[in-house]
Amino acid sequence: MRTWLFVTFLAMAGASGSVAQDAKTPAAPNAAKQESSCILCHKQLDGPALEPTKHLDDIHMQRGLSCHDCHGGDPTKGGDEDPSAAHDERKGWKEKPTRLQVPLFCARCHGDAAYMKTFNPQIRVDQLSEYRTSVHGQRNAKGDSRTAVCIDCHGVHGIRAIKDPRSKVHPTQVADTCARCHSDPELMARYGLETNQATAYKTSVHARAIYEKGDLSAPTCNDCHGSHGAAPPGVATVAQVCGSCHSREGSLYRETEGKKPGLNLSPAIQCVTCHDNHAVHRPTDEMLGIGSKSVCTNCHGPEDKQFKSAEGMGRAIQGLSARLAEANDMLDRAERAGVEINADRFALRAGQNHLVEARVLVHAFDEERFMAAVHEGMGSAETALTAGERAFSELRRRRMGLTVSLVVIAAVIGGLVLKVREIERDKNA
Amino acid sequence: MTTRERLAAVQEWVEVRVGISQLIEMGREKKVPLHRHSFWYYMGGMTLFLFGIQVGTGILLLLYYRPSSGEAFESVQFLMTRVPFGWLIRSIHSWSANLLVFVLFLHMFSAFFLKAFRKPRELTWLTGAVLLALMMGFGFSGYLLPWNTLAFFATQVGTEVAGRVPVVGEFALRLLRGGDQVTGATLTRFYGIHVAILPALTTVILGAHLLFVQKHGMSVPPQVEADAERAGKPLGSYPFLPNFLLRDAIGWCAALGVLAGLAALFPWELGEKADPFASAPAGIRPEWYFGWMFQTLKMLPPHILGFEGEVLGILAITLGFIIWFAVPFLDRTPRPGNRVTRAFAVGGWLALLYMAVATAMVYWPQ
């Protein structure tokens with residue numbers, strides 16, 4: 001028991017204000033309390049009993065809380081004469097909580113709005129109630145001690161602020177933290193869950209944004225599944241989950257719900273039908289159409305009307321993309337050759353905007369609207385190409401002009417040289 | 001009356017009033033010394049020719065340029081894309097400005113090493129040094145006028161350096177910027193400086209410089225004079241008109257060819273429009289002729305003997321310019337073997353070497 005004396009005071013798992021206050025909320029923080037007999041004694045112990053003393057940079061410690069604020073007891077007693085004196089039950093000493101007790105244990109403080117306000121007026125205090133809506137929380141409430149509780153994600157001691165890159169719940173760490181359980185085949189087998197989510201996620205465009213570009217706004221596990229309320233998306237449709245970031249695509253898709261025959265897909269498989277769930281890869285124009293990389297042909301066969309639409313739409317968007325790339329290349333080459341084409345890039349940018357618009361409009365499953373955007377984009381691409389051709393024609397004219405000028409200048413120089421020679425020859429003669 | 005007779009009458013009319021034949025005669029009588037260093041005499045004429053190109057192309061640019069932060073970039077863009085030969089005029093103006101400063105450096109250093117500043121040409125040297133400062137002022141003020149990103153941030157850095165000068169720095173900074181920051185007010189101010197104040201000053205100083213050159217003629221290096229004396233042979237010479245002028249014209253035509261090639265093959269870039277709220281782009285650097293000063297300030301440590309390194313650097317550069325201006329009064333009797341003369345020659349070569357290395361470092365890939 002003593003080995004876990006300093007176990008489980010947690011920061012981020014929480015409780016609602018209605019949580020049963022079975023233990024007193026700690027008094028206001030006081031940095032002076034850090035020097036306690038708990039640390040002095042446990043430093044002399046071995047094994048797990050020593051572990052809590054190694055994490056003195058825990059966020060709770062930094063905010064002035066100490067061992068007894070979570071575990072009770074008397075930090076002024078103890079020492080060599082009577083080590084057990086600190087574990088005074090009259091002073092609220094308790095054994096470490098069981099895994100089933102952990103959420104309530106943490107919620108003593110994290111569900112107390114008045115108390116938490118003394119640290120941060122904006123901090124959330126609804127973690128426990130959210131947790132109770134999650135699969136983890138529901139199983140915990142039913143007595144399943146294997147499901148995740150606060151300490152599984154946040155750690156026991158050595159808890160750090162979410163913004164701290166060393167925190168287990170920092171965006172760069174979340175996938176690995178979830179994977180500790182969700183990639184464990186033995187544990188997941190009990191719940192009939194697959195274990196490939198983290199591996200698949202790490203190949204996704206979202207993971208590349210976080211790990212390669214350092215873009216912390218890119219989604220990781222908890223952005224789609226929720227953090228304390230972690231569950232498979234429990235909203236009405238998956239489109240609403242993806243649509244929380246990809247808002248235009250989401251709203252276009254939702255506009256079609258119930259209006260397009262064949263689009264009334266199960267709420268759980270809408271976006272993921274084409275984009276996958278964890279292994280969301282960067283979408284390409286080849287996903288549209290009937291080619292080998294098409295996702296349309298996963299559902300639609302040649303006998304479908306939609307197959308023909310996909311073929312036409314795929315050809316159109318790939319054609320626009322290629323034409324814009326050609327125009328961009330041409331303007332780049334003209335610019336490198338020294339022709340000022342900044343103003344002509346407006347047409348190219350307009351075309352690129354239409355391309356983006358067309359890509360987004362795919363989610364409306366409206367061929368007419370899609371084709372209108374592609375058509376406008378093609379118009380802009382042709383304008384940019386014409387500008388590029390004009391730039392190259394200008395370049396040719398400049399070089400021709402330069403050649404003629406240099407010939408004239410060379411002739412004048414030759415004439416002057418001859419004149420100088422003539423004058424100086426006459427003089428010498 | 002035949003056409004020939006009409007032309008002769010017009011010539012006679014002009015001759016009576018202007019006296020062109022007297023000017024031509026003066027040119028024929030003016031002699032240019034002929035010796036192994038005569039080549040450097042062409043640098044002055046070349047500088048004047050390039051300055052003439054600057055004036056001509058500058059006037060043409062004025063017809064389209066609009067000096068406000070909202071319109072400057074667009075007006076230059078319009079000029080380069082829609083006005084016939086607008087790109088050529090702007091490119092020649094920009095390239096010629098750089099060639100002008102380069103040739104001016106050659107002219108000044110050749111005058112320095114050939115001791116052309118010695119009595120009675122002290123004022124020729126001083127007016128020349130002022131002209132160099134004015135040309136650098138043209139470069140600095142003209143750089144901002146297209147109002148592109150690079151120019152905007154380079155001007156910000158450049159004016160900040162001026163602001164670091166002890167005592168007068170803050171005043172100088174506000175005077176240059178027309179406020180605390182580089183804004184549209186700075187652009188309008190730089191425009192006024194570039195097209196009115198500097199040209200007016202240059203006209204006066206250049207007039208004086210040419211007058212002094214005309215009065216005292218070309219300087220012959222002391223070593224050449226001594227050699228000629230030792231050999232007992234008088235130095236050769238040829239008339240300014242037509243020999244020297246025709247040779248000058250060959251150089252001008254060659255410069256025109258170089259300018260045409262540079263303008264056609266490497267047109268001066270316009271870049272992106274300045275955005276005062278954007279962060280400064282990487283690799284900001286001034287025009288190359290300010291590069292050695294920029295690099296000097298960059299290399300200095302933050303503090304030297306308790307003083308700010310940058311301030312000490314600015315003071316050292318200022319002192320260098322003062323010494324440069326005062327050369328005719330410090331090296332008063334330059335002749336071969338004179339210790340002061342030798343010290344100045346060595347100092348000049350070291351200064352040139354330092355400027356070349358520091359400038360190269362600005363462009364050296366990091």
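Q: In which element of chain B is Pro120(B) found?
A: In this predicted model, Pro120(B) is found in the loop between α5 (86-113) and α6 (122-144) of chain B, where helices are DSSP runs of H or I with at least four residues, strands are runs of E with at least two, and both are numbered from the N terminus. The peptide bond that leads from Lys119(B) to Pro120(B) is cis, with omega near 10°.

Q: What is the omega of the peptide bond from Leu241(B) to Pro242(B)?
A: The omega of this bond is near 5°, and the bond from Leu241(B) to Pro242(B) is cis; Pro242(B) is found in helix α11 (residues 240-265) of chain B. Most peptide bonds are trans, and most residues other than glycine have a negative phi.

Q: Why is Phe365(A) called partly exposed?
A: Phe365(A) has a relative accessible area of 36%, and because buried means under 20%, exposed over 50%, and partly exposed in between (1.4 Å probe, protein chains only), Phe365(A) is partly exposed. Phe365(A) lies in the loop between α18 (345-361) and α19 (367-428) of chain A, and has a positive phi of about 50° although it is not a glycine.

Q: What makes Leu305(B) count as exposed?
A: The relative accessibility of Leu305(B) is 80%, so Leu305(B) counts as exposed. Leu305(B), in the loop between β3 (303-304) and β4 (307-308) of chain B, has a positive phi of about 50° although it is not a glycine.

Q: How are residues and chains labelled, and which pLDDT do local features need?
A: Residues are numbered from 1 along each chain as its sequence is written, and chains are lettered from A in the order in which they are written. Local features need pLDDT of at least 70 in this predicted model, and side-chain values use heavy atoms, with hydrogens and water left out.
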